[in-house]
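Work through the exercises below with the sequence and the model side by side. Try each task before you read its solution.

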Amino acid sequence: MTVSGIPALAWQVGFIVVASVPVWLAANMTGAGQATLLRSALALIVGTVLAAIALFAAGGLGLVLTPLAYLLAFKFILDT
């Protein structure tokens, strides 16, 4: 079964929102300065891109750098 076009876009947006809500709630609970749902989604996307770059550039050591990538993305985008 394949999904394409507008329904595929709706699925993608749904998954991004569902993944971003826990980050947004945690940012609100910790008193982040810029805690919005859009910034939470952006922080997840940037963290994932940085983690992929770390895995590609450092190989196995990238697994150690992946949490750092997410930490930096959350720090600078959500202002925690």
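This is a predicted model: local features need pLDDT of at least 70, side-chain atom pairs count only at pLDDT 80 or more; totals for chains, interfaces and linings use all residues.

Residues are numbered from 1 along each chain as its sequence is written, and side-chain values use heavy atoms, with hydrogens and water left out.

**Exercise 1. Describe the chain as a whole.**

Step 1: List the elements. The protein chain has 3 helices and 0 strands. Helices (H or I, at least four residues) and strands (E, at least two) are DSSP runs, numbered from the N terminus.
Step 2: The C-alpha atoms fill a box of roughly 35 × 35 × 15 Å along the principal axes.
Step 3: Check burial. Of the 80 residues, 24% count as buried. Buried means under 20% relative accessible area, exposed over 50%, and partly exposed in between (1.4 Å probe, protein chains only).

**Exercise 2. Follow helix H1 along its length.**

Step 1: Find its span. H1 has 24 residues and reaches 34 Å from first C-alpha to last, close to the expected 34 Å. The expected span is 1.5 Å times one less than the number of residues.
Step 2: Look for a bend. H1 has a kink of about 30 degrees at Ser 20, shortly before Pro 22. The bend at a residue is the angle between axes fitted to the seven residues ending there and the seven starting there.
Step 3: Look past the helix. Gly 31 follows H1, and its phi is positive, near 80 degrees.

**Exercise 3. How do H1 and H2 pack, and which residues make the contact?**

Step 1: Read the geometry. H1 (residues 6–29) and H2 (residues 37–58) pack at about 105 degrees, with axes 8 Å apart. Axes are lines fitted to C-alpha atoms, for helices over the stretch in contact, and angles run from 0 to 180 degrees between N-to-C directions.
Step 2: Classify the angle. H1 is therefore roughly perpendicular to H2, a label for angles of 65 to 115 degrees.
Step 3: Name the partners. H1 brings Ile 16, Val 17, Ala 19, Ser 20, Val 21, Val 23 and Trp 24, while H2 brings Leu 37, Ser 40, Ala 41 and Leu 44. Contact means heavy atoms within 4.5 Å.

**Exercise 4. Is Leu 68 buried or partly exposed?**

Step 1: Leu 68 lies in helix H3.
Step 2: Decide. Leu 68 counts as partly exposed because its relative accessibility is 41%.

Notes: Angles under 35 degrees count as roughly parallel, over 145 as roughly antiparallel, 65 to 115 as roughly perpendicular and the rest as oblique.
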